[in-house]
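Thank you all for coming. I would like to walk you through one model slowly, beginning with a single residue and then widening the view.

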Amino acid sequence: MRLAVCVCALPWLVVGCRFGEASFETSFDDVGFDAGGTVFSYADSRDVALVENADPPVAVAMTWVVFDPGSDLSDLDGASLFGMAHEMSVRDALAIVFARQGAIEAGSTTSVTKDGTDVVEGADLDFSLYLAPERLDAGSTYAEVVPLGSRRTLDVIVDSVSFTDADAGVSGTLTLTFEAVAGRDPGIAREGTITGSFRAPLVEERTAEKNLALLQAQSPVLPLPLAGRGTP
Amino acid sequence: MRRCAVIVGAAAVLSSSCAVGVDGDFNGVAFAPDRSVAAIVDSHDIVAFNGSFIPVERARASMTVNVWLSSAEPPMGDDWRRLPAGRLLDVRKDLAASDLLVLEDIPFDALQDGDTLTASTSAVDGAVGVARGDGDFAFALGQRVDDAWEQGLGGKVTVEIEARSLVRAKVRGGSLDAIVKVTRERAADQPEGGLATGTVTLQVAVDLAPERLAEANLAIVSPIARCRAERGPDAGLACAAADADPVVDATGVH
């Protein structure tokens with residue numbers, strides 16, 4: 001199912017109907033999170049040599065930018081594509097990667113803990129969070145720049161999953177916990193959570209990967225598409 | 001002498017008063033970065049801490065001043081990073097096509113004491129561009145050149161700054177009143193005669209800009225100026241796409 005909500009598209013959003021859905025809340029007073037513009041999943045079934053992986057990773061991409069991930073974005077005019085790519089760099093985004101498609105089951109809970117970019121616990125899941133830059137004004141001060149805790153644990157509960165139905169995709173709820181680590185984080189580092197739910201319809205791999213690359217041509221935001229197997 | 005034609009946009013936010021007076025030219029070649037100006041007291045270092053970045057207030061002796069002037073009129077009260085793509089592109093394009101002068105890392109104390117501070121550099125390969133200079137501060141200069149001007153610009157550039165007053169309020173605010181002299185001379189490897197040389201004097205009177213917002217925007221201005229300085233007038237608008245310097249936010253480095 002594609003169509004969830006039709007929105008009045010701003011010029012750089014181009015596509016008027018949202019794909020998938022997600023909503024989030026944060027425990028931070030001054031850090032919101034909105035990556036519910038476009039939500040989709042794809043199975044990374046083939047590597048750069050087109051060798052098929054029978055049990056591939058499954059990526060879930062969530063962006064503020066609204067677009068149709070199942071349509072080739074290279075058909076857009078340059079200004080529209082440039083505008084979308086720019087918005088990618090100044091808006092929230094989240095990528096979740098399940099290590100094995102076969103291990104994703106309805107009702108299952110999967111977790112991963114990372115210190116910065118290093119996974120310290122959990123081999124079945126990975127994630128990458130991109131928080132939008134602050135919107136500064138004349139009253140903004142450096143005193144407001146307080147880092148978030150660097151130990152981040154993502155817990156995902158899968159509500160439903162299918163890779164064969166007409167409505168194929170993954171849906172679930174998630175909690176991302178920010179924890180300050182003594183000796184690693186500065187004493188002022190903040191702790192808190194981002195919680196939310198998502199429904200990520202499945203998109204054909206090739207189109208999804210091409211679109212993700214196009215949207216991040218100016219500025220990488222998410223580590224998607226995934227690096228090819230064997231790529232350092 | 002010409003006077004700043006426009007009070008900087010969003011004046012109430014960033015600069016309640018702005019004035020740049022221009023006196024002189026380079027043998028008839030104008031250099032008039034007089035439409036917008038920002039003066040920023042850089043009072044924070046960004047300290048890396050195991051992957052986190054924390055702003056730490058500098059001791060007074062380590063504070064510096066950054067000043068940039070342009071004949072373009074970007075929206076000074078906005079965070080340019082968050083402008084719509086088309087508007088940001090216009091800002092970049094306008095800066096890349098403008099008379100532009102960026103002065104960075106000027107020692108605060110020396111400037112406040114009224115010292116005359118100087119930096120100079122010679123163009124690379126006898127071209128007309130100007131690299132960042134050695135001296136009391138760093139600078140980068142981009143100059144519009146009329147297509148009709150067929151000779152080169154003097155490749156040796158000296159910038160001199162002297163503050164008549166520099167007032168920094170404890171929490172926010174303050175002002176800078178300064179004279180900036182930009183002198184072009186023939187570089188050693190340039191042919192004699194026909195070059196645009198001379199001195200342009202800029203009289204700058206401006207309220208100090210809010211540090212964090214102005215530094216975020218300077219992160220866009222400065223690379224464009226460096227690119228233009230390195231490539232000279234032949235850069236055209238290519239420098240509009242110069243990568244911005246990183247900016248630290250609570251949400252990360254962008």
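Let me begin with A:Asp34, which counts as partly exposed because its relative accessibility is 37%, where buried means under 20% relative accessible area, exposed means over 50%, and partly exposed is what lies in between, with a 1.4 Å probe and protein chains only. Before I go further, please keep in mind that this is a predicted model, in which local features need pLDDT of at least 70 and side-chain atom pairs count only at pLDDT 80 or more, whereas totals for chains, interfaces and linings use all residues. Residues are numbered from 1 along each chain as its sequence is written, chains are lettered from A and ligands numbered from 1 in the order in which they are written, and side-chain values use heavy atoms, with hydrogens and water left out.

Returning to A:Asp34, you will find this residue in the loop of chain A between β3 (21-26) and β4 (38-43); helices (H or I, at least four residues) and strands (E, at least two) are DSSP runs, numbered from the N terminus. If we set aside neighbours within four places in sequence, A:Asp34 is in contact with A:Trp64 and A:Asp92, contact meaning heavy atoms within 4.5 Å. A polar atom of the A:Asp34 side chain also lies 3.2 Å from the backbone nitrogen of A:Gly36. Along the chain, A:Asp34 and A:Gly196 are 162 residues apart, and yet their C-alpha atoms are separated by 10.0 Å.

Now let us turn to chain B, and ask: is B:Ile40 buried or exposed? B:Ile40 counts as buried, because its relative accessibility is 0%, and this residue belongs to strand β2 (residues 36-42) of chain B. Not counting residues up to four places away in sequence, B:Ile40 touches several others, among them B:Thr64, B:Val65, B:Ala209 and B:Leu218. From B:Ile40 to B:Leu213 the C-alpha distance is 9.7 Å, although the two are 173 residues apart in sequence.

For chain B as a whole, the secondary structure comes to three helices and 14 strands, and 54% of its 254 residues count as buried. Of the contacts in chain B with a separation of 6 or more, 70% are between residues 24 or more positions apart.

In one of them, A:Asp126 pairs with A:Lys114, with the closest N and O atoms 2.8 Å apart. This pair links distant parts of the chain, since A:Asp126 sits in strand β9 (residues 125-130) and A:Lys114 in strand β7 (residues 109-115) of chain A, 12 residues apart. A:Asp126 is partly exposed, at 30% relative accessibility, whereas A:Lys114 is buried, at 8%.

In chain B, B:Arg168 forms a salt bridge with B:Glu57, and here the closest N and O atoms are 4.0 Å apart. B:Arg168 lies in strand β10 (residues 156-168) and B:Glu57 in strand β4 (residues 52-57) of chain B, so the pair ties together parts that are 111 residues apart in sequence. With a relative accessible area of 52%, B:Glu57 is exposed, while B:Arg168, at 28%, is partly exposed.

Finally, how many residues of chain A are in contact with chain B? There are 32, and they meet 29 residues of chain B. The area buried between the two chains, that is, the accessible area (1.4 Å probe) that two parts lose on being put together, summed over both, is about 2,700 Å², with carbon and sulfur atoms giving 61% of it. On the side of chain A, the residues that lose the most area to chain B are A:Leu136, A:Ala138 and A:Tyr142, together 29% of what that side buries.

Between chain A and chain B the count is two salt bridges, and one that you can look for joins the side chains of B:Arg212 and A:Glu144, at 3.4 Å from N to O. Both of these residues also belong to a network of salt bridges that links A:Glu134, A:Glu144, B:Asp79, B:Arg81, B:Arg212 and B:Asp249.

Definitions and conventions: A polar contact is a pair of N or O atoms within 3.5 Å; within protein, one must be able to donate a hydrogen and the other to accept it, and residues adjacent in sequence count only if both atoms are side-chain atoms.
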